[in-house]
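Subject: Structure handover

Hello,

My notes follow below it.

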Amino acid sequence: MVVQIKREEIQPDIVVLHVGGKLVLGRDSKELEWTIEELVRAKSMKIILNLANLNFVDSTGIGIIVMCSGKVKAAGGELRLTGSRGMVDEVLRRTRVDAIVPFCE
């Protein structure tokens with residue numbers, strides 16, 4: 001299963017991206033990067049990645065999350081993570097992504 005992204009807007013100014021499937025090397029994973037770039041261009045500066053349905057992440061997926069966080073910060077916004085569990089949560093914390101991209105409830 002490839003990465004799946006569903007967008008939800010929470011008023012007044014928060015966008016939640018529900019990310020599911022696998023965030024791994026390949027063109028499909030670039031969808032997350034492109035979606036976040038589109039949000040930044042649209043001046044959506046509060047973005048939450050809900051990873052509750054993400055089953056697997058590799059080094060490419062970690063890189064995309066960190067890179068997207070940098071792009072949002074450079075534009076004056078915030079990117080946060082929520083819902084990670086199991087292997088995904090363990091990998092994100094062991095690689096210290098939580099020190100770069102804040103986790104929220």
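**Helix α3**

The buried residues of α3 pack against β3, α2 and β4. Helices (H or I, at least four residues) and strands (E, at least two) are DSSP runs, numbered from the N terminus. Buried means under 20% relative accessible area, exposed over 50%, and partly exposed in between, with a 1.4 Å probe and protein chains only. Packing, like touching below, is contact, which is heavy atoms within 4.5 Å.

This is a predicted model, in which local features need pLDDT of at least 70 and side-chain atom pairs count only at pLDDT 80 or more, while totals for chains, interfaces and linings use all residues. Residues are numbered from 1 along each chain as its sequence is written, and side-chain values use heavy atoms, with hydrogens and water left out.

Val88, Asp89 and Leu92 are the buried residues in α3. They cover an arc of only 95° around the axis, so they sit on the same side of α3. The arc is that of the directions from the helix axis to the C-beta atoms. The exposed residues Gly86 and Arg94 are carried on the face of α3 turned away from its buried side.

Arg96 follows α3 and is found in the segment after that helix. Arg96 has a positive phi of about 65° although it is not a glycine.

**Helix α2**

The helix α2 covers residues 59-74; at 1.5 Å a residue its 16 residues should span 22 Å, and the end C-alpha atoms are 22 Å apart, which agrees. The expected span is 1.5 Å times one less than the number of residues in the helix.

Which residues of α2 are buried? They are Gly61, Ile62, Ile64, Ile65, Cys68, Ser69 and Val72. Their arc around the axis is only 160°, which puts them on the same side of α2. An α-helix has 3.6 residues a turn, so residues three or four places apart point the same way. The buried residues of α2 pack against β2 (14-23), α1 (30-41), β3 (46-57), β4 (78-82) and α3 (86-94). On the face turned away from the buried side of α2 are the exposed residues Ser59 and Ala74.

At the start of α2, a side-chain oxygen of Asp58 comes to within 3.0 Å of the backbone nitrogen of Thr60. This is a polar contact: a pair of N or O atoms within 3.5 Å, where within protein one must be able to donate a hydrogen and the other to accept it, and residues adjacent in sequence count only if both atoms are side-chain atoms. Just after α2, Gly76 takes a positive phi of about 95°.

The 12 residues of α1 reach 17 Å from the first C-alpha to the last, close to the 16 Å expected at 1.5 Å a residue. Buried in α1 are Leu32, Glu33, Thr35, Ile36, Leu39 and Val40. They cover an arc of only 165° around the axis, which puts them on the same side of α1. Their cover includes β1 (4-10), β2, β3, α2 and β4.

Phi of Lys43 is near 65°, a positive value in a residue other than glycine. Lys43 is exposed, with a relative accessible area of 64%.

Ser44 also has its place in the loop between α1 and β3. Is Ser44 buried or exposed? Ser44 is buried, because its relative accessible area is 15%. Leaving aside neighbours within four places in sequence, Ser44 is in contact with Val15 and Leu39.

Gln4 is in strand β1 and counts as partly exposed, at 39% relative accessibility. Not counting residues up to four places away in sequence, Gln4 touches His18, Val19, Gly20 and Gly21. Gln4 and Asp28 are 24 residues apart in sequence and 8.7 Å apart in space, C-alpha to C-alpha.

Pro12 is found in the loop between β1 and β2. A cis peptide bond joins Gln11 and Pro12, with omega about 10°.

**Rings**

Arg93 lies over the face of Phe103, at 4.3 Å from the ring centre. A charge sits over a ring if NZ of Lys or CZ of Arg is within 6 Å of the ring centre and within 35 degrees of the ring normal.

Regards
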